[in-house]
Amino acid sequence: MTPTPADRAYELVNGFRASQLVRGAVELKIPDLLSGGAMSADQLSAATRIDAGRVRRLMRGLTALGVFVEHDDGRFTNTEVGELFREGVPGSQRPVAMMLIPESYRGWDHFMDTLRSGVTGHSLAHGGTLWETIARDPDYAARFNQAMASFSEGAVQFVATSGHFRDGALIVDVGGGKGALVAGILRSNPSLRGIVCDLAAGLAETPQYLAGLAVADRCSVVEADFFKSVPSGGDVYLLKQIIHDWDDQHAATILSAAAVL
């Protein structure tokens with residue numbers, strides 16, 4: 001049955017419920033539990049320590065949204081969408097779900113205030129900028145950095161194979177967090193060297209991440225505020241998912257920091 005305009009309108013005003021259902025299932029690792037095979041609500045209840053009746057309602061809600069399938073025997077399995085909420089699978093959306101909710105969810109509750117004042121919803125909800133939240137909240141910083149790494153890991157193959165990098169070039173990943181993008185480029189181009197620069201909170205897990213991908217010997221980690229300066233001497237400067245966070249004035253400042261080198 002083709003959805004009507006009224007159906008679509010209803011979906012739009014109820015999207016917040018879908019987001020919360022997904023976050024709940026992801027936090028409980030239900031898609032990972034189902035990777036071993038179909039499970040009943042009672043089995044999922046025992047694994048998650050959540051009441052079976054409430055788990056069943058959660059599962060049926062997400063079944064309606066195409067995340068799970070409920071079989072005739074009452075057991076549930078992942079759909080292709082549900083598989084993308086598992087930990088560690090290619091293209092996993094789990095890090096994004098863990099990062100966006102609840103912090104960003106609370107920020108969007110102030111959307112009308114932002115429209116009227118220009119002050120970001122995050123600042124209104126959390127009493128400071130996103131970057132200040134990252135600096136003072138290690139748990140959120142870890143979730144944010146993991147989500148950013150997952151975005152970069154999804155783009156690595158395209159950038160690494162499509163970019164034209166001369167032998168021995170130095171690649172500077174500006175605001176690079178864990179360094180997923182430059183690490184992928186270095187793995188595909190053994191002659192290249194790299195630098196990851198970011199604020200301290202963004203670099204908390206970077207050395208371990210680079211070591212795990214066996215590129216730490218070719219990639220330096222530099223603490224830097226890209227509004228003030230970025231490491232000099234680079235042949236290529238990567239600014240992935242950086243500029244869109246800022247207004248034109250701040251964006252120009254970031255670009256200028258790299259352009260003057």
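Student: Which residues of α4 meet which in α5?
Tutor: This is a predicted model. In it, A41, D42, L44, S45 and T48 of α4 are in contact with A52, V55, R56 and M59 of α5.

Student: At what angle do the α4 and α5 axes cross?
Tutor: The axes of α4 (residues 41-48) and α5 (residues 52-64) cross at roughly 115° and come within 8 Å. That makes α4 roughly perpendicular to α5.

Student: Is that crossing of α4 and α5 right-handed or left-handed?
Tutor: The crossing of α4 and α5 is right-handed.

Student: What about S40, where is it?
Tutor: S40 sits in the loop between α3 and α4.

Student: Buried or exposed? I mean S40.
Tutor: S40 counts as buried, because its relative accessibility is 18% and the cut-off for buried is under 20%.

Student: What does S40 touch?
Tutor: Setting aside residues up to four places away in sequence, S40 touches G74 and R75.

Student: And how far is S40 from H122?
Tutor: From C-alpha to C-alpha, S40 and H122 are 39 Å apart in space, and they are 82 residues apart in sequence.

Student: Let me step back to the whole chain. How many helices and strands?
Tutor: The protein chain has 15 helices and six strands. Its C-alpha trace spans about 65 × 45 × 40 Å along the principal axes.

Student: What share of the residues is buried?
Tutor: 39% of the 261 residues in the protein chain count as buried.

Student: What share of the contacts comes from residues 24 or more positions apart?
Tutor: Taking contacts with a separation of 6 or more, 58% are between residues 24 or more positions apart.

Student: Now α13. Why is it called largely enclosed?
Tutor: Helix α13 (residues 180-188) has nine residues and seven of them are buried, so the helix is largely enclosed by the rest of the structure.

Student: Which ones are buried in α13?
Tutor: They are A180, L181, V182, A183, G184, I185 and L186.

Student: What covers the buried residues of α13?
Tutor: The cover includes the helices α12 (138-162) and α14 (206-212), along with β3 (170-174), β4 (193-198), β5 (219-223) and β6.

Student: Where is G168, then?
Tutor: G168 lies in the loop between α12 and β3. With a relative accessible area of 27%, G168 is partly exposed.

Student: Which residues is G168 in contact with?
Tutor: Leaving aside neighbours within four places in sequence, G168 is in contact with S191, L192, R193 and D235. G168 and D235 are 67 residues apart in sequence, yet their C-alpha atoms are 9.4 Å apart in space.

Student: On to α15. What length should it span?
Tutor: Helix α15 (residues 248-259) has twelve residues, and at 1.5 Å a residue it should span 16 Å. The end C-alpha atoms are 16 Å apart, which agrees.

Student: Which residues of α15 are buried?
Tutor: A251, I254, A257 and A258 are buried in α15. Looking down the axis of α15, the buried residues fall within an arc of 120°, so they line one face of the helix.

Student: What is on the face of α15 turned away from its buried side?
Tutor: That face of α15 carries the exposed residues D248, Q249 and A259.

Student: And what covers the buried residues of α15?
Tutor: The cover over the buried residues of α15 includes β6 (236-238).

Student: Last one, T79. What is it in contact with?
Tutor: T79 is in contact with G66, V67, F68 and V69, leaving aside neighbours within four places in sequence. T79 is found in the loop between β2 (76-78) and α6 (80-83), and at 16% relative accessibility T79 counts as buried.

How values were computed
Residues are numbered from 1 along each chain as its sequence is written. This is a predicted model: local features need pLDDT of at least 70, side-chain atom pairs count only at pLDDT 80 or more; totals for chains, interfaces and linings use all residues. Side-chain values use heavy atoms; hydrogens and water are left out. Helices (H or I, at least four residues) and strands (E, at least two) are DSSP runs, numbered from the N terminus. The expected span of a helix is 1.5 Å times one less than its number of residues. Buried means under 20% relative accessible area, exposed over 50%, partly exposed in between (1.4 Å probe, protein chains only). The arc is that of the directions from the helix axis to the C-beta atoms. Contact means heavy atoms within 4.5 Å. Axes are lines fitted to C-alpha atoms, for helices over the stretch in contact, and angles run from 0 to 180 degrees between N-to-C directions. Angles under 35 degrees count as roughly parallel, over 145 as roughly antiparallel, 65 to 115 as roughly perpendicular and the rest as oblique. A crossing is left-handed if the near helix is turned anticlockwise from the far one by less than a right angle, and right-handed if clockwise.
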